[in-house]
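Hi,

Here is the structure I promised to pass on.

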Amino acid sequence: MSTVKLTINGKAVTAEVEDRTLLVHLLRDQLGLTGTHVGCDTSQCGACVVHIDGRAVKSCTTLAVQASGATVTTIEGIAKGDELHPMQAAFRDNHGLQCGYCTPGMIMSAIDIVHRYGGNLDEDTVRAELEGNICRCTGYHNIVKSVLDAAGRMKVAAAAE
Amino acid sequence: MHETTYHRASSVDEAATLYAKGSEARYLAGGHTLLPVMKQRLASPSDLIDIAKIKDLVGIEATGDTLTIKAATPYFDIATSATVKSAIPALAYLISLVGDPAVRHRGTIGGSIANNDPAADSPAALLALDATVKTNKRSIKAGDFFKGLFTTALDDGELITAVSFPIPAKAAYAKFPHPASRFALTGVFVAKTKTGDVRVAVTGASQGGVMRMPAIEAALKANWSASAIDGVTVSDQGLMDDLHGTSAYRANLIKVMAQRAVTAAG
């Protein structure tokens, strides 16, 4: 067993975990943050994507102990109170989800993409960058539309701050 | 995943000491090969020695004719590095094709070559560029480092610290990725050194892992152009043959990818 100390969604968290515990299991089973999903459990589908120190990472392929000391952001940590994050709002407005299972990972990856590319995003780039997130419902069309829409909204939001 | 004991090392020496204390220890960097293998219970190390936070193992520098990438540098930092893009753009491109963005945020070049997966991209770059693998004990030329399927020249407990690449005159990588796994069904790295030597390395095709292609190298040395490869016969002997592609298909891909790489190198 090890003691891990992390900052999760802005809050300091200390937890006792087995050394083999995956970050996604710490989040879901011990901390009740069940927005992060386990899809394939083989680092392919991206349903488990969270941000560690600002970078999109597959939490099913990261040990909780590896993340000790880091700042973690999950899908629960991106809205401001009742106000959805611009990426969440864009997914809602563009019908970017159907069953919703992949959506938390899609949104966390998509925010990372917009952070990395800023306003220089086009459809081809979004499709290529979403390679590690699999959706079985939508055919990706509205997901891509949502990300492009959100990229514009995030630019406006950043300019306003 | 079986139980294991995690240690975070703060120096190369400490990592080696911790490794020696474990009954069946493994070094852990990004963990993007080791952890999936542990989840399948194909590996069950007694101890994991995390080397990702060792400052001496992360970084990129170019001096004179050499580009050095330290072992625990994540793929993302390599693919987006202005230093790598300027020194060996083909290497930055190759790394940008590994896995997906989230995988590239964690996976490392040292981890990839230590594993020596027969369909991994990095070994092709090391072999074609005649790179040198630096460890905590010695320096090993890429040609002596890769010893076949998932096998390297590393001794038990030996830790890769960096990879040094001689900067070539020209180089390019062409990859035919498996559409689901993104591993190379066949990838070919071509390089022309500043002294005019030509080296061609192929990943994803051979049952023995990454390999050089002497016939293509000779053809390109005589005439650096895609058409020079037209007359080369690539045998399917020893090539992988599975549900993703027959050995004959891969033999053809070697030729086609080599031609595309030469065209890209210009």
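**What I found**

I'll begin with a glutamate: E158(B) is buried, with a relative accessible area of 4%. Keep in mind throughout that this is a predicted model.

E158(B) has a charged partner, as R138(B) forms a salt bridge with it, the closest N and O atoms being 2.8 Å apart. R138(B) sits in the loop between strand 6 and strand 7 of chain B and E158(B) in the loop between helix 9 and strand 8 of chain B, so this pair ties together parts that are 20 residues apart in sequence. R138(B) itself comes out as partly exposed, at 33% relative accessibility.

R138(B) also forms a salt bridge with D155(B), with 3.8 Å between the closest N and O atoms. D155(B) is in the loop between helix 9 (142–145) and strand 8 (160–166) of chain B, while R138(B) is in the loop between strand 6 (132–135) and strand 7 (139–141), so here the parts tied together are 17 residues apart in sequence. At 42% relative accessibility, D155(B) counts as partly exposed.

Over all chains, the structure holds 21 salt bridges. Some of them share partners, and in this way K58(A), E131(A), D100(B) and R182(B) are joined into one network.

**Between the chains**

How many residues does each chain bring to the contact? Chain A gives 25 residues and chain B gives 30 residues. The area buried between chain A and chain B is about 2300 Å², and carbon and sulfur atoms give 52% of that. On the chain A side, R20(A), R55(A) and Q66(A) supply 30% of the area that chain A buries against chain B, more than any other three residues.

The count of salt bridges between chain A and chain B is four. One to look up is K39(B) with D41(A), where the closest N and O atoms are 2.8 Å apart. K39(B) lies in helix 2 (residues 34–39) of chain B and D41(A) in the loop between helix 1 (23–30) and strand 3 (49–52) of chain A, so the pair joins two chains. K39(B) is buried, with a relative accessible area of 18%, which falls under the 20% cut-off. D41(A), at 30% relative accessibility, counts as partly exposed.

**Domains of chain B**

Chain B is divided into domain 1 (5–50), domain 2 (55–166) and domain 3 (170–265). I looked at how domain 1 of chain B meets domain 2 of chain B. Their C-alpha centres lie 19 Å apart, and the contact takes nine residues from domain 1 of chain B and twelve residues from domain 2 of chain B. About 890 Å² is buried between these two domains, with 69% of that area coming from carbon and sulfur atoms. V12(B), Y27(B) and H32(B) supply 51% of what domain 1 of chain B buries against domain 2 of chain B, more than any other three residues. For salt bridges, the count between domain 1 and domain 2 of chain B is zero.

**Inside chain A**

Helix 5 of chain A (residues 141–160) passes a simple length check: at 1.5 Å a residue, its 20 residues should span 28 Å, and the end C-alpha atoms are 29 Å apart, which agrees.

Which residues of helix 5 are buried? They are I143(A), V144(A), S146(A), V147(A), A150(A), A151(A) and M154(A). These residues cover an arc of only 145 degrees around the axis, which puts them on the same side of helix 5 of chain A. What they pack against is helix 2 (86–93), helix 3 (103–117) and helix 4 (123–129) of chain A. On the other side of helix 5, H141(A), K155(A), V156(A), A159(A) and A160(A) are exposed.

M108(A) is buried, with a relative accessible area of 0%. Leaving out residues up to four places away in sequence, M108(A) touches V49(A), H51(A), A56(A), T73(A), T74(A), I75(A) and I78(A). M108(A) and T36(A) are 72 residues apart in sequence, and their C-alpha atoms are 9.6 Å apart in space.

Cheers

How values were computed:
Residues numbered from 1 in each chain as written. Chains lettered and ligands numbered in written order. Predicted model: local features only at pLDDT ≥ 70, side-chain atom pairs only at ≥ 80, totals over all residues. Heavy atoms only, no water. Helix = DSSP H or I, 4+ residues; strand = E, 2+ residues; numbered from the N terminus. Expected span 1.5 Å × (residues − 1). Buried < 20%, exposed > 50% of the residue type's maximum accessible area, 1.4 Å probe, protein only. Arc of directions from axis to C-beta. Contact = heavy atoms within 4.5 Å. Domains from an automatic or database assignment. Buried area = accessible area lost by both parts, 1.4 Å probe. Salt bridge = Lys/Arg side-chain N within 4 Å of Asp/Glu carboxyl O.
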